[in-house]
Amino acid sequence: MTSLLRVEDLKVHFPIKKGILSKTVGHVHAVDGVSFSLEKGETLGIVGESGCGKTTAGMAAMHLTPPTAGKVFWQGEEMGAMGASRLRSLRKEMQLIFQDPYSCLNPRMTINRILSDPMDVHGKYKGKERKERLAFLLETVGMSPEQGNRYPHEFSGGQRQRIGIARALALDPSLIIGDEPVSALDVSIQAQIINLLKRLKKQFDLSLVIISHDLAVVEYLCDRVIVMYLGKIVESADYASLYRNPRHPYTRTLLSAIPVPDPFRKKERIILQGDVPSPINPPGGCRFHTRCPERMEICERVEPETRQFGPAHTAACHLYGEDSPVNINTQGGER
């Protein structure tokens, strides 16, 4: 069965230019060899700290940011080999929900005009059909059709994000990528938007990619989770395996930061030392070794291989290598 979206060894390096002649003196290794797939109807989470490359990976998967290397396939067809017209027509199949609900809406346009823009670009829903579509979109995200004549400044942050979701749904896409879709909202509003996304996925048979630093949100929404650190995938698993039995030290650190809604229950936090290294000159070996509480000498020299721990669980860590002092069955044994 062909995956809806497949990414193979994706790299995105941004050039650093200096001088009068704008000579390239280095590169920012934002994404450095990422591979993953998304099945139809699946929700995939991409998590990690700020600056780990998760948003850039999502933008490059949609070819909004041109990949430096690697391939992206949409239903088996390579996007990099598509002509401009074919790629443009494909845009209606994949849409984006932005992180900031305040800056992603044109303040000079009414909500109906904002929702109509993608319809104009792709020549869909005209006349009476468009009016019915606009009313349907607003009602679908929990707003009234009458609000379509207002401007963005008249709405709260949560309402603006609902408008952003309505815009993403305007062309009946197969895939929606949410770039931190609730991080800018109050906690009570976050719950409403998360439940809305879950309902819309079922209602429209959508595939979702949720980019987030909040593992609690990802656990609730996603079927499978990818953990990124400094441009690379360090662990990938279905949500149950990842949260019950995380393999990579970085994943365990992220999970330890999830707050527990119980004042009488204490949770042991793993506090990392130091800052994230620069993506301009990432460290050799395992990129996490400069902050890892379980690092070994080999971590500084050799990049770890990605090992399988189950049907859908992989991690790249020397703790589970053949020469490691950790005694583990790499086919799924416990540490």
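Me: pLDDT is the predictor's confidence in each residue, from 0 to 100, so over which residues does it stay under 50 here?
Reply: It stays under 50 over residues 325-335, for which the model has 24 contacts (heavy atoms within 4.5 Å) beyond four places in sequence. This is a predicted model, in which local features need pLDDT of at least 70 and side-chain atom pairs count only at pLDDT 80 or more, while totals for chains, interfaces and linings use all residues. Residues are numbered from 1 along each chain as its sequence is written, and side-chain values use heavy atoms, with hydrogens and water left out.

Me: And what is the mean pLDDT of the protein chain?
Reply: The mean for the protein chain is 91, and 96% of its residues reach 70 or more.

Me: What happens in the turn between β1 and β2?
Reply: The two strands form a hairpin with 4 residues between them, and Gly 19 in that turn has a positive phi of about 85°.

Me: Switching to rings: how many aromatic pairs are there?
Reply: The count is 5, taking rings of Phe, Tyr and Trp (its six-membered ring) with centres within 6.5 Å, where planes under 30 degrees apart are stacked, over 60 edge-to-face and the rest tilted. Phe 309 and Tyr 320 form an edge-to-face pair, at 5.0 Å centre to centre and 80° between the planes. Phe 309 lies in strand β11 (306-310) and Tyr 320 in the segment after β12 (313-316), so the pair ties together parts that are 11 residues apart in sequence.

Me: Is Phe 309 buried or exposed?
Reply: Phe 309 is buried, at 6% relative accessibility, and Tyr 320 is buried too, at 1%; buried means under 20% relative accessible area, exposed over 50% and partly exposed in between, with a 1.4 Å probe and protein chains only.

Me: Which rings link into a cluster?
Reply: Ring pairs link Tyr 229, Tyr 250 and Phe 288 into a cluster.

Me: What about the largest nonpolar core, how many residues does it have?
Reply: It has 61 residues, and those with the most contacts inside it are Ile 165, Leu 169, Tyr 243 and Tyr 250. Such a core is a set of buried Ala, Val, Leu, Ile, Met, Phe, Trp, Tyr and Cys residues joined through side-chain atoms within 4.5 Å. A second, separate core of 32 residues includes Val 31, Phe 36, Leu 44 and Ile 46.

Me: Last one: where does Leu 171 lie?
Reply: Leu 171 lies in the loop between α5 (157-169) and β7 (175-179), and it is buried, with a relative accessible area of 2%. Beyond four places in sequence, Leu 171 touches several residues, including Lys 92, Pro 118, Met 119 and Arg 133. Leu 171 and Met 119 are 52 residues apart in sequence and 6.8 Å apart in space, C-alpha to C-alpha.

How values were computed:
Pairing = 2+ DSSP bridges.
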